[in-house]
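Thank you for asking me to look through this model; my notes are set out below as numbered points, to be read alongside the structure itself.

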Amino acid sequence: MSQTLDQKLSQKLTFDLKTAVHKNRLVGLWRVLTGYRWLYFGAMIAIVLGALIRVYYYRVVQYVIDTVVNAGLHPQQLPWLGLSFVGLAVLEGLFAYLRGIWSAETAEGIALRLRNYLYDHIQRLPFAFHDYVKTGELIQRSTSDVDAIRRFYADQALGIGRIVALFVVNFTMLVRTNTKIGLLSVVIMPFIVLLSYWFFGRVSKAYDRYQDQEAKLSTVLQENLTGVRVVKAFARQGYEIDKFDRENWERYRLGKKLLIMHSLYWPVSDVFCAAQTILVMAVSALMAVRGEITVGTYVAVMGMLTWIIWPMRNLGRLIVQVSTGLVSYRRVADVIEQEREDIESGTVPPDTRIRGAVVFDHVSFSYEPMEVLPDEDEKKKKETKPEEKADLKPVEVLHDISFRCEPGEVVALLGSTGSGKTSIINLLLRFYDYQEGSLTLDGIELKEYPRSLLRRNIGIVEQEPFLFSRSIRDNIAYGAGREVTQEEIEQAAKAAAIHDIILTFPQGYDTIVGEKGVTLSGGQRQRVAIARALLKDPRILVLDDATSSVDTETEEQIQQALAVLIPGRTTFIIAHRIQTVMNADLIVVLDKGRVVQSGTHAELVRQPGLYRDIYEIQSRIEEEVADEVARGITMPELALELVGVPA
């Protein structure tokens, strides 16, 4: 039995929410109910039955007053009538309980499914999407907006259903009791509906702006907490506080405007509803005095009138609140609509063993401007000046790139910042696809390889390595994609020259590194990242300026370790220092997205060009440093001298 329930839950959670996206938001929300519709329908039926029972309270009261109290007939029925009140109360409570648990299961189940789907979906969106969309915006849509949708199913949609059921049941019974009073009780209904519709449109827009502003505030907070060390290092707390205050004030202003709209609705609707109540009470009382209706009928009419006026009054409030659910659905759907990165398609079998022969043949690549989430697009269209819109065109970063390397060779990419080194690696990993030329791996066009196959076989150590807030062991084992032993982790750490340092920590490999690895030095983070890449044992290894954060001695240790591990593995090294790339089989010198030189170190130093210029400058600096150190000049004095300031 439990297995069947688990299977049903699994089917609900694995529902593809992309099929629920629709331009009509109500249609979309109906589709989101897939898997929970019968449960939700049951909750609605419980509401209707509860409304019917509520009406029968007043029918029993009418009978007691007119037949038992006033006429003095059948007094022996009073105990049974009392029990009927108790029975009706129990039944109403039962239906209220069923409505509550069924609606809660529906709302929480949908929220669970949405969060799971969004988290999985965001992981699978292309690299370019994350280049354009702010983290705070995604967090807002995955949390606050999902919770607004949960409230829609838990309270608002059912609330409207309950109001409609109460209105229909009580109005029908009121018309059957007295047609004149029944029709009189809904005179004000058109005005309430028009008022609610008017508020609905304005509140929807106001809530949309409020949610966008809350996303901005989340982004500011997230960036500030992430970069708190930089903020403190540059003493920019005042600036950050002012920036947060501005965004928070704007959120306050928009939130206040939204609440004022809600506050305006209540007095206006109360005036209409009070007038309606007074009118019906006066007419009913006059009819009772004239003997047109009985006292019991008057009491029953007043009770049923309450359950007509109250729904009318609250229908507008709920319609206004429903606007928040509709807005949040659209914001969540904007993310779901984004096309996922296809990581499995390709003609190359997924179990293919990659050797590592890479050939760039006249490859050109441009970053294509990508449409961000629609709400942001609309703002940008309004805020962007006409002359600025012309700049929204493809940015070409690689021009006619050609070079080749054989399996096991080491290729160094050298050039100034922005010369295209990292873009070449992004193409190799298929974070982006090139537009012109040919890029082959083992003689097969790279686009024929599934992205998952490429990324399983390529290990990368980034210039600014990201470590998770977990133990050092977990961070090293992260990229392996399999169960690894402590011995394997330690071997990788030794190869990356970090093992001995880890053992000095009180908890060793169980040491928690903190968010983004802030408890480790830059060099230590870099070496943990190198160990992570080495444990993966990739066929192609990418070192994106991987030794930039370590001292000369540590760099030497890492180079020695890599010298043992690199053979048989195609390696790409991105670097700025000649010393790092001298031993490469091929050095590709880039400038402004073009290959200006290529060859070995020995070949390039003999040629006039950018490489020899860099080599001579760096050699001269190293010689001057060594000379000054030999003369006993302190490091502060040396630094001043190198920048041309007299010590």
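1. A residue is called buried here when its relative accessible area is under 20%, and helices are DSSP runs numbered from the N terminus. Please keep in mind throughout that this is a predicted model.

2. Helix α20, covering residues 522–536, has 15 residues that should span 21 Å at 1.5 Å a residue, and this agrees with its end C-alpha atoms, which are 22 Å apart. The helix is mostly covered, since 12 of its 15 residues are buried; among them are the arginines Arg-527 and Arg-532, the glutamines Gln-524 and Gln-526, and also Val-528, Ile-530 and Leu-534. Just after α20, Asp-537 takes a positive phi of about 55 degrees.

3. Lys-421, which belongs to helix α15 (residues 421–428), is buried because its relative accessible area, 6%, falls under the 20% cut-off. Leaving aside residues up to four places away in sequence, Lys-421 touches Leu-413, Leu-414, Gly-415 and Ser-416, and also Ile-574, Ala-575, His-576 and Leu-590.

4. The largest nonpolar core holds 69 residues, of which Leu-17, Leu-114, Tyr-153 and Ile-336 touch the most other members. Among the elements that give two or more residues to this core are α3 (37–70), α4 (78–123) and α11 (237–290), while α12 gives the most, with 18 residues. Leu-114 touches Leu-17, Val-146, Ile-149, Val-332 and Ile-336, again not counting residues up to four places away in sequence.

5. Apart from that core lies another, of 41 residues, including Ile-472, Val-484, Ala-496 and Val-589.

Terms used: Residues numbered from 1 in each chain as written. Predicted model: local features only at pLDDT ≥ 70, side-chain atom pairs only at ≥ 80, totals over all residues. Heavy atoms only, no water. Helix = DSSP H or I, 4+ residues; strand = E, 2+ residues; numbered from the N terminus. Buried < 20%, exposed > 50% of the residue type's maximum accessible area, 1.4 Å probe, protein only. Contact = heavy atoms within 4.5 Å. Core = buried A, V, L, I, M, F, W, Y, C linked by side-chain atoms within 4.5 Å. Expected span 1.5 Å × (residues − 1).
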